[in-house]
Amino acid sequence: MKKIYQAILMTVSIMALASCGTLGGGDTDVSNNADFKFYKGICAKYMQARIHAAKCVGNNDDANKMQAQLDQLNASKNLKDTKAVLESSKMPEMNKAVKLTSEAAKKEFVESLGYLIGGVAQEKILLDKVLQNVKSLQKEVASNPFGSAAGELEFLTSLADAMGTDVKNVAVTIDAYTVYATENGISMEDVKAVGDRVAKESNLED
């Protein structure tokens with residue numbers, strides 16, 4: 001994680017030069033960009049995790065609200081709107097004093113944790129790819145700050161920053177949910193199976 005943030009910080013000085021280009025920052029329409037599409041799909045997985053968690057604790061009103069937010073996320077066309085939707089709700093906290101007794105609640109919990117694990121696995125791969133692309137663009141932008149690469153670098157830097165925050169936050173939630181799973185006798189093998197399934201799902205629109 002430290003290396004990820006170091007790589008992100010290395011790009012900050014370049015962003016001052018990246019004021020022109022075809023992609024630009026967070027409020028530019030990047031709906032046709034493959035990296036953005038994939039990132040949006042990962043965010044959708046995190047929203048699915050929240051929906052399953054809300055259902056797990058019997059909060060169907062929140063689950064319905066999150067489903068509407070998921071629809072908004074899927075319709076977003078830029079990084080700013082995608083982040084805004086993702087930040088408009090939070091992962092439900094599991095009350096350690098309340099044990100999961102019904103099989104339906106346990107199934108929802110397994111799905112929730114599995115979506116988190118599968119999503120973050122994909123995000124780490126995408127983040128590594130984006131950081132590599134950022135690194136390769138730095139020399140080009142340094143030599144031609146007003147070329148098309150400047151806008152691409154600005155966008156990818158903003159995307160990397162968003163993903164670095166996601167990975168850190170989701171990792172904390174996964175740790176907390178894993179402890180809760182153990183306390184409730186939930187099989188981590190079942191969780192892993194869901195995580196593996198989610199990690200293999202494509203995030204790209206047809």
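Cys-43 counts as buried because its relative accessibility is 0%, where buried means under 20% relative accessible area, exposed over 50% and partly exposed in between (1.4 Å probe, protein chains only). Cys-56 is also counted as buried, at 7% relative accessibility. A search of the whole structure finds zero disulfides, a disulfide being a pair of cysteine sulfur atoms within 2.5 Å. This is a predicted model, in which local features need pLDDT of at least 70 and side-chain atom pairs count only at pLDDT 80 or more, while totals for chains, interfaces and linings use all residues. Residues are numbered from 1 along each chain as its sequence is written, and side-chain values use heavy atoms, with hydrogens and water left out.

**Helix α6**

- Helix α6 covers residues 103–143, which is 41 residues; helices (H or I, at least four residues) and strands (E, at least two) are DSSP runs, numbered from the N terminus.
- From its first C-alpha to its last, α6 reaches 60 Å, close to the 60 Å expected at 1.5 Å a residue; the expected span is 1.5 Å times one less than the number of residues.
- A kink of about 30° in α6 is centred on Leu-137, the bend at a residue being the angle between axes fitted to the seven residues ending there and the seven starting there.

- Leu-137 lies in helix α6 and counts as buried, at 7% relative accessibility.
- Apart from neighbours within four places in sequence, Leu-137 is in contact (heavy atoms within 4.5 Å) with Ala-149, Glu-152, Leu-153 and Leu-156.
- Leu-156 is 19 residues from Leu-137 along the chain, and their C-alpha atoms are separated by 9.7 Å.

**Aromatic pairs**

- The whole structure holds two aromatic pairs; rings of Phe, Tyr and Trp (its six-membered ring) pair if their centres lie within 6.5 Å, and planes under 30 degrees apart count as stacked, over 60 as edge-to-face and the rest as tilted.
- Phe-109 and Tyr-177 form a stacked pair, with 5.3 Å centre to centre and 15° between the planes.
- This pair links distant parts of the chain, with Phe-109 in helix α6 and Tyr-177 in helix α7 (residues 148–183), 68 residues apart.
- Both Phe-109 and Tyr-177 are buried.
- Phe-109 and Tyr-180 form a tilted pair, with 5.4 Å centre to centre and 55° between the planes.
- Phe-109 lies in helix α6 and Tyr-180 in helix α7, so this pair ties together parts that are 71 residues apart in sequence.
- Tyr-180 is buried, as is Phe-109.
- Ring pairs link Phe-109, Tyr-177 and Tyr-180 into a cluster.
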